Structures are given as structure tokens and as C-alpha cells.
Amino acid sequence: MKNLKDRVTIYQVAQASGVSLATVSRVINKKGNVTEETRKRVEDTIKQMGYKPSGLAQALATNKSTNIGLIIPSANYVYIANMLNGITEVAKEKGFVISLFTTSHTRSEALSTIEKVIISHVDGAIIFDDELDEEDVMTISSYSVPTVVINNAIVSEKVASVTFSYESVLEKTILDHYKLNDPKEMVFLHVHDGGRLLAHFEKTFVETHVKIGKSYHIINCGDSYTRTYSDFLEYFKSHHRGYFVAYRDSIAAAIENAATDSGLKVPEDVEVLSLVGTKYANIVRPTITAMHIDMAEVGKRSMYMLIDLLNEDLVEKTYKFEASLTERSSTLRLK
């Protein structure tokens with residue numbers, strides 16, 4: 001197999017054939033006026049050089065690219081990677097190319113990313129970034145770029161949204177916990193720059209406790225397994241009981257392991273809930289009780305909605321995914 005740098009480009013085909021890029025593209029797409037002699041020369045050159053047509057050739061012929069800009073905070077998180085897989089699966093099926101733009105949890109970088117998306121001349125965009133607000137999204141759509149926003153309820157002529165509903169499931173989980181005999185006090189782990197989704201979780205957590213008149217704690221937590229594990233080894237020297245609500249599986253696993261290594265039992269002494277569950281919740285031991293939304297399906301739905309938006313065929317511009325709770329070994333259950 002040839003190395004990527006050795007692959008033949010449409011520019012090389014045009015140069016070798018002695019014609020323009022547009023002519024090569026017309027030959028590839030079998031469109032436009034091209035003499036039989038020129039067509040044969042270009043086709044022979046393509047065959048001899050082993051050229052494989054790309055989206056650029058399609059764009060030159062149709063004056064329309066197939067490029068979708070995807071803005072995400074990071075591909076390192078499993079749930080983001082799952083969503084990305086869903087998007088790329090549909091993109092591949094429908095012949096779209098994905099340009100990936102990643103941002104850190106800073107507003108300045110998010111705004112810089114918007115500029116990159118605009119000057120890249122994408123046909124459409126999918127945004128999953130907690131630092132971008134409605135005004136920022138409208139900036140992109142004002143350049144006639146249809147956009148689907150994930151985890152933010154924004155809708156306009158060229159903007160559709162996919163949202164998540166975790167609130168009712170989290171509230172019910174809290175209420176069920178306090179129905180147990182001698183329930184543990186709940187502790188919410190606040191991650192700095194955790195984004196809009198975690199903020200929604202925290203708001204529901206606090207409001208539910210206030211509503212039922214139960215005490216609670218919120219403690220700061222690092223957004224990494226290693227840091228969280230180390231912090232909780234220290235924490236469990238003086239705290240031997242609690243129900244901990246963690247953002248995602250790796251944080252929940254760090255708490256579990258720190259508790260076990262401190263001589264505590266899960267779930268008898270320490271209970272753990274993961275808010276954004278992935279396959280890892282069922283791999284660690286004890287297995288982790290977790291909330292779940294199929295993020296691969298989120299990606300697929302977002303991409304299909306964007307395609308309909310591009311074709312001006314999208315009727316319903318909002319879609320909500322409801323979370324579910326899978327109870328496992330890290331929490332006690334009502335009998």
C-alpha cells in the first residue's frame with residue numbers, strides 16, 4: 001500500500017493530462033462538455049497513475065462540497081468518542097466528509113474555533129461544546145451554514161438541536177435513595193470547567209435535596225482518574241461513609257478503588273453513581289450504577305437532522321434523548 005504522501009492528487013492528474021482541474025472533475029463526474037479525445041486522455045491518465053477521486057473532485061464539478069464541521073471539546077472522553085462514531089457512520093454512508101475542530105474548556109478558544117469553522121467553508125456544522133452560547137451559534141448560521149447543536153436548546157431557521165433529559169431520572173434516583181433505611185448523605189463531585197451538562201446535573205441535585213429537606217455536600221474533584229484516586233485516598237482517612245455522585249465512569253471508578261484500598265466496602269460503606277455511563281461502568285468491579293444515553297445514536301440522529309436541514313427537508317428541529325438508569329453493584333437497592 002502506498003504511503004499517504006505518495007497518493008496521487010487531482011492536481012497531478014490535471015498536470016499530467018495537460019488540462020484544468022475542472023476538466024478532470026467533469027470527466028470523473030461524467031458531467032459537462034468534454035471532447036472524447038480529452039475524456040480518453042484523462043481517463044487513461046487516471047488509470048496509469050492510480051488516482052482515486054476525492055470529495056474535492058465532486059466539489060469542483062457540482063460547486064458544492066460535502067464537508068461537515070464538527071466542534072467538540074475533546075475526543076478523549078468515551079461518551080464523546082461514541083457520539084463521534086455515530087456521526088462518522090452516517091457521514092460515510094451518505095458521502096460526507098467530516099472536519100474535526102476540538103476546543104479546550106475556554107471561551108476564547110471556542111470563539112477562535114468558530115472563526116476556523118467559518119473560513120473553512122463547510123456546508124454544515126454539528127456543535128457539542130459547552131462554551132458556545134446562542135449568540136456564537138447564530139454567528140455560524142449567519143454565514144448560511146446550517147447547524148445542529150447538541151446539548152443546547154437553540155432553534156432558528158438554520159439551526160436545529162438535540163438535547164438530553166437527565167433531570168427526572170436523577171431526581172428519582174435521589175428520592176429512592178432516601179427511602180432506604182439509614183440512607184447515606186449524598187455528595188456531589190463538582191468538576192471545574194465541567195461544562196453545561198454537569199451544571200444541569202448539579203442544579204437538579206441541589207434542587208431535589210432542598211425540596212425534600214435533606215442535607216448534602218458538594219466537593220471539588222479533579223477531572224482525572226489519577227488525581228481523584230489520590231484525593232479520595234486522603235478523604236477516606238477521615239470519612240468512612242457516603243453516597244458519591246460522579247460525572248463519569250473513570251471518576252466513579254477512582255472513588256470505588258480508593259474506598260476499597262482504604263478498607264471500606266462498596267456499597268455497604270460507600271455508594272457511587274456515574275452520571276454519564278459508558279461500557280466501562282460494567283467492566284470495573286464492583287460494577288457501577290450509571291445513567292445512560294446512547295451517544296452513538298445521538299451522533300447518528302444529529303447527522304441525519306443536519307442532512308435534512310441542508311436539503312431544507314427538516315420538519316422537527318428539536319429532538320430529546322431521555323436518559324435511563326442501570327442499577328449495578330456500586331449502590332444499594334430498594335427491596
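**Cavities, parallel strands and helices in a predicted model**

In this predicted model, the residues that line the second largest cavity divide into 5 nonpolar, 2 polar and 3 charged. The lining comprises 10 residues, and those nearest the centre of the cavity are Asp129, Val149, Ile150, Asn152 and Arg196. The space in this second largest cavity amounts to about 40 Å³. Over the whole structure, the search returns 2 cavities of 30 Å³ or more. Rolling a probe the size of a water molecule over the atoms shows where empty space is left.

Val149, one of the residues nearest the centre of the second largest cavity, also takes part in strand pairing: Val149 in S4 is the bridge partner of Ile127. Strand S4 covers residues 147-150 and runs parallel to S3, to which it is joined by 3 bridges. Strand S3 itself spans residues 124-127; Gly124 and Ile126 point one way from the strand, Ala125 and Ile127 point the other way, and all of these residues are buried.

S3 also pairs with strand S1 (residues 67-72), again in the parallel sense, over 4 bridges. Within this pairing, Ile126 of S3 is the bridge partner of Leu70, and Ile71 stands opposite Ile127. As 6 of the 6 residues of S1 are buried, the strand is largely enclosed by the rest of the structure. The cover extends to both faces of S1, with Asn67, Gly69 and Ile71 buried on one side and Ile68, Leu70 and Ile72 buried on the other.

Helix H5 comprises 17 residues (78-94) and reaches 25 Å from its first C-alpha to its last, close to the 24 Å expected at 1.5 Å a residue. The buried residues in H5 are Tyr79, Ile80, Met83, Leu84, Gly86, Ile87, Val90 and Ala91. Viewed down the axis of H5, these buried residues fall within an arc of 155°, so they line one face of the helix. An α-helix has 3.6 residues a turn, so residues three or four places apart point the same way. The residue that follows H5 is Gly95, with a positive phi near 85°.

Helix H6 (residues 107-119) contains Ala110. The relative accessibility of Ala110 is 0%, so this residue counts as buried. Ala110 and Pro73 are 37 residues apart along the chain, and their C-alpha atoms are separated by 8.7 Å.

The largest pocket holds about 240 Å³ of space. It is lined by 15 residues, of which Thr173, Asp176, His177, Leu325 and Glu327 are the closest to its centre. Helix H8 (residues 167-177) gives the most to this lining, with 5 residues. By residue class, the lining of the largest pocket divides into 6 nonpolar, 4 polar and 5 charged.

Conventions: Residues numbered from 1 in each chain as written. Predicted model: local features only at pLDDT ≥ 70, side-chain atom pairs only at ≥ 80, totals over all residues. Heavy atoms only, no water. Buried < 20%, exposed > 50% of the residue type's maximum accessible area, 1.4 Å probe, protein only. Helix = DSSP H or I, 4+ residues; strand = E, 2+ residues; numbered from the N terminus. Pairing = 2+ DSSP bridges. 1 Å grid on protein atoms, 1.4 Å probe; cavity = no way out; pocket = protein on both sides within 12 Å on 5 of 7 lines; lining within 4 Å. Points joined across faces, edges and corners; volume = space filled by probe spheres on them. Nonpolar A, V, L, I, M, F, W, Y, C, P; charged D, E, K, R; others polar. Expected span 1.5 Å × (residues − 1). Arc of directions from axis to C-beta.
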